[in-house]
Amino acid sequence: MLKKNSEKIIEKSKPLGWVLEPDAKVLMKLQGFDIPDFILTNSFEAADQFLKKSESPVVAKAVSKKILHKTEHQAVVTGIFSSDHLKKEMARLQKLDGCENILVEEMVQGLEIIIGAKNDFQFGPVIVFGIGGTSVEIYNDTAVRMAPLKPGDVSSMVESLKAKEIISGYRGRAGANMEILTRLVVNFSLFVMELENDIESVDLNPVICTRDRCVIADARIILPSP
Amino acid sequence: MDLKCLFRPSTMAVVGVSTSQDNHPANVIYNKNHLRYPVKTFPVNPRGGLLNRETLYQSVGHIEEDIDMAVIAVRAEFVPKVVEQCIKKGIGGAVIVSGGFAESGNLSLQQRVVDIAKEASFPFVGPNCLGIYAPDYVDTFFLPGERIIRPDKGNVSFISQSGGVLVDQMVKFAGQGIGVSLAVSIGNKAYIRETDMLDWLDKDLGTKVIAFYIEGFEKGEGRQFIKKAEQCSKPVVVLKAGKSKKGIEAVSSHTASLAGDYRVFSEIMKQYCVAEADNEYELTSFCESLSCYPKGINPNIGIISLSGGHGVIAADACELHGMLIPRIEQETIDTIKEKLAPEIRNIVSLVNPLDLTGSSVDSDIVTAARHLSRDINIDCILALLIPYSPGVSTDIGAKLSQVARNEDKPMIAYVPNEDKYKIIIEGFELNNVPVASSVEGAVLMAKALKRCRSC
């Protein structure tokens, strides 16, 4: 059963046709998935306070019902260290089309992967997993499996990638924590099974994987057209 | 769904037989079954009268005997009425050959037939199909017997959405000596669908391999199919058509654009160990090797050849198809070397792929096959036999099959498909070792076992 709050979020997003990033992240958090610390605000002071408390640089993103693909609209700024930089970028983001709020969040650095889901016409919910980031379609190094997944499916997905060594660790660089990654992908597939009739597709992209975390840095949920 | 009435009928009515057109589909079907099959066949035409001195029945209701199945080959608009008559007569099921339904936009007429049939649990194949070829039982293909090439009775079942592809595949099976237990063209698959056939064939004792030609599934049907294939005790092979992307749809998420329809199909087949063949040649090879070896393997191939060139060609094809040519144990090499005829001991190459040279004789080949089979790094043996080599006897097929049986490791042979070498080919095939007619064909047979490996 979908938790009540999750249902509310999906219901609320139906007129728009997709779930705004902050809501999508809350939805993921309700499932027990790891998301970055964030603050949703229009006040520079609040954002600045968040930056000062944060141990890492921050990311600022425009939250707009008119912007589904943020990269194309320059609606994401990564690697903000200073208050000046934050102030300047916040002012710019606030001027973007339909910008309601600024999402400021901790910036986790690591390996970028994509975990996606699609409600396939013939097979129902399927999971996509692979190398993530803004160029996923260009590399297209992904694997597809029918949900729900077993832990063994996750290993076989990693194994089938051209870039499998990047995930397992390569030339002294840490790869992903396979135990955490496996748990996330399996649980995500179970979550998608529950949502079968409520979603058209989901992109968790990027999910940032480090030695001890798999953090969903962006989430996009597309709802079925009525 | 009990489909025995369709695939093992004792009595059959053919509805739509013409008194004026000898080559009408119904006449072709009536003639071939009446004259050449054990099924007792009754011709039906509303006008009645005689056809070739036999009684033409005005409707199925006019036949006194119980009827197992009906073949319906009347104009589309008359089909609902004929189906109703069949149900009233208590017939078990039908093949609806007639076209003019969903395939030409006539969805409502097709739905009417389905509604009538479902209500009465009256299963039918089609419409718009060739129907059933069950060797020794029945043949509803409306192609004159003298025009088609029929494979012998065997243990491969093939279910196809397209009648044309089915007939073509029969020619290929026959050419490779692959026998068929049941071939069904399901056409518009309005009632009996792939999933029903999978259920039936899983239980059918005559079938060892189940192959499908699939164009597409309905909503959610792919999931149903794969769940049944997962439970099925026999290897399942599929050939998918319609792989290209239809138009450029506007997709709003990365996932949707990464996971196109065919990609999803293909990856899920892999996930559930259904052997997807890339083309009709692979389909043929897959069916032949899986009918001998129903269990999958890891793709570690040991190659024995009598010519260096054949070994290299096979190794290249293995790499292309994702199979490995592992290094073998030194102990294996030493054992083989010790047992080879002294004349060839110093000219052979015992690194995988093994080259026993054209000077080797039967006993050398048998020795190499036996000990290569025992090597822990090897899961499947490819025996590339060039029968023109003077030391190879006509018994080599039978001798090597003994090795395969004793060592319990799949062996696949390559022998050129020539009448002259028939005795060698049969020596293998009658002893359950598949034979390919090309080196690449042998590699494709090994690929089938890899595709089917237990995950």
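How many of the 455 residues of chain B count as buried? The share is 52%, where buried means that 20 or more other C-beta atoms, placed from the backbone, lie within 10 Å of the residue's own.

This is a predicted model: local features need pLDDT of at least 70, side-chain atom pairs count only at pLDDT 80 or more, and totals for chains, interfaces and linings use all residues. Residues are numbered from 1 along each chain as its sequence is written, while chains are lettered from A and ligands numbered from 1 in the order in which they are written.

**Select chain B.** Its C-alpha trace spans about 85 × 65 × 30 Å along the principal axes. Look for 16 helices and 19 strands; these are DSSP runs, with helices H or I of at least four residues and strands E of at least two, numbered from the N terminus.

**Go to B:Ala442.** Its contacts (C-beta atoms, placed from the backbone, within 7 Å) include B:Ala314, B:Leu382 and B:Tyr414, not counting residues up to four places away in sequence.

**Now show the side of chain B that touches chain A.** The contact takes 21 residues from chain B and 27 residues from chain A. Helix 9 (261-271) of chain B is one of the helices that each supply at least two residues to that side. Helix 9 of chain B gives the largest share, six residues.

Key:
Two residues are in contact if their C-beta atoms, placed from the backbone, lie within 7 Å. A residue is buried if 20 or more other C-beta atoms lie within 10 Å of its own, exposed if 12 or fewer, and partly exposed in between; C-beta atoms are placed from the backbone.
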